[in-house]
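Please examine the charged side chains of the structure shown below. The paragraphs that follow treat salt bridges and surface charge in turn.

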Amino acid sequence: MHIWQAKCMLFFDDGPTIICKSRHAARNIMSTFFSTLFLGLIAALIGATIQQRTWRHRSLMELKEKEYIEARKTVEDLSVALELRLSAQHTYTRLVLKGQITPTDIDAYKNATAVWMGSFSGIKSRLYHSFGRTSVIDFEETIQRSMQYASAVVSLGLHPGIDKLCTRDKKLFRGSEIKLSIIQHDVYKFLNELNDRISLGDIGRTKAINNLSENDASMISRVYLVRRLLGIEGNISRTYW
């Protein structure tokens, strides 16, 4: 017999039974308390996780909608700006080729190119934000440089003049309208590609952030790359930029 059982029997016959039941009841109460506390913590964690994921999803959807609107506006503004620029260049080219250009016409063309160049940096910035670096490079190399080159060739007809041009430059000068038609086609193709990307949702950082196979890796955040390297949240819906 244990010592505590002997002491209890000095005072009452069923002492050991009463004390054992009391300790057993106490253990049950503590077990129930901690079980309830543990289940409550689990429920709270699950609720917090669901709430956070819901907030992330809602934030991502709102961001996608914002990027869609911005991309559409960028393409619309670029389309209008290019139309004005090419229209002015067509007029300038036609008048120079016909030998009918006047100082007023030259000033009008200079003003048109000044307006275009005034918006050029802003257009590039918006293209980068919505479509990435690759689209900016295509825009500069395929369209901007082609328009500048075509304009420079036409200007040779004024200075030094068609009669002073070499055979190669004369050929380029006379083919200026054809060159503009090619540029117009390139513009049409470029704008169509941008619109196709918008339709497919292939725009903004929300497209590239979860896709390491994107050609334009500049749209992927550094934080995301570090987290992928460490194996943390392989698919991220938060805006880490």
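Arginine 168 and aspartate 169 form a salt bridge in which the closest N and O atoms are 3.1 Å apart; the term denotes a side-chain nitrogen of Lys or Arg within 4 Å of a carboxyl oxygen of Asp or Glu. The model is a predicted one, in which local features need pLDDT of at least 70 and side-chain atom pairs count only at pLDDT 80 or more, while totals for chains, interfaces and linings use all residues. Residues are numbered from 1 along each chain as its sequence is written, and side-chain values use heavy atoms, with hydrogens and water left out.

Arginine 168 is exposed because its relative accessible area is 55%, whereas aspartate 169 counts as buried because its relative accessibility is 18%. These classes are set with a 1.4 Å probe and protein chains only: buried is under 20% relative accessible area, exposed is over 50%, and partly exposed lies in between.

Across the whole structure, a search finds five salt bridges. One of them joins aspartate 77 and arginine 126, at 2.9 Å from N to O. This pair links distant parts of the chain, 49 residues apart: aspartate 77 belongs to helix H2 (residues 15-98) and arginine 126 to helix H3 (residues 103-131). Helices here are DSSP runs (H or I, at least four residues), numbered from the N terminus. Aspartate 77 is partly exposed, since its relative accessible area is 28%, and arginine 126 is likewise partly exposed, with 32%. Both residues also take part in a network of salt bridges that links Lys73, Asp77 and Arg126.

A further salt bridge connects arginine 197 with aspartate 202, the closest N and O atoms lying 3.4 Å apart. Arginine 197 has a relative accessible area of 22% and is therefore partly exposed; aspartate 202, at 21% relative accessibility, also counts as partly exposed.

Which residues gather in a patch of negative charge on the surface? They are Asp138, Glu141, Glu193 and Asp196. Helix H4 (133-155) and helix H7 (176-200) are the elements that give two or more residues to this negative patch. Such a patch is made of residues with over 30% relative accessible area and no salt bridge, like charges being joined within 9 Å. Glutamate 193, located in helix H7, counts as partly exposed because its relative accessibility is 38%.

Key
Patches are made of residues with over 30% relative accessible area and no salt bridge: like charges are joined within 9 Å, nonpolar side chains (Val, Leu, Ile, Met, Phe, Trp, Tyr) within 5 Å. Accessible areas come from the Shrake-Rupley method with a 1.4 Å probe; for residues, only the protein chains shown count as cover. Lys and Arg count as positive and Asp and Glu as negative; His and the chain ends are not counted. The place of a charge is taken as NZ of Lys, CZ of Arg, CG of Asp or CD of Glu.
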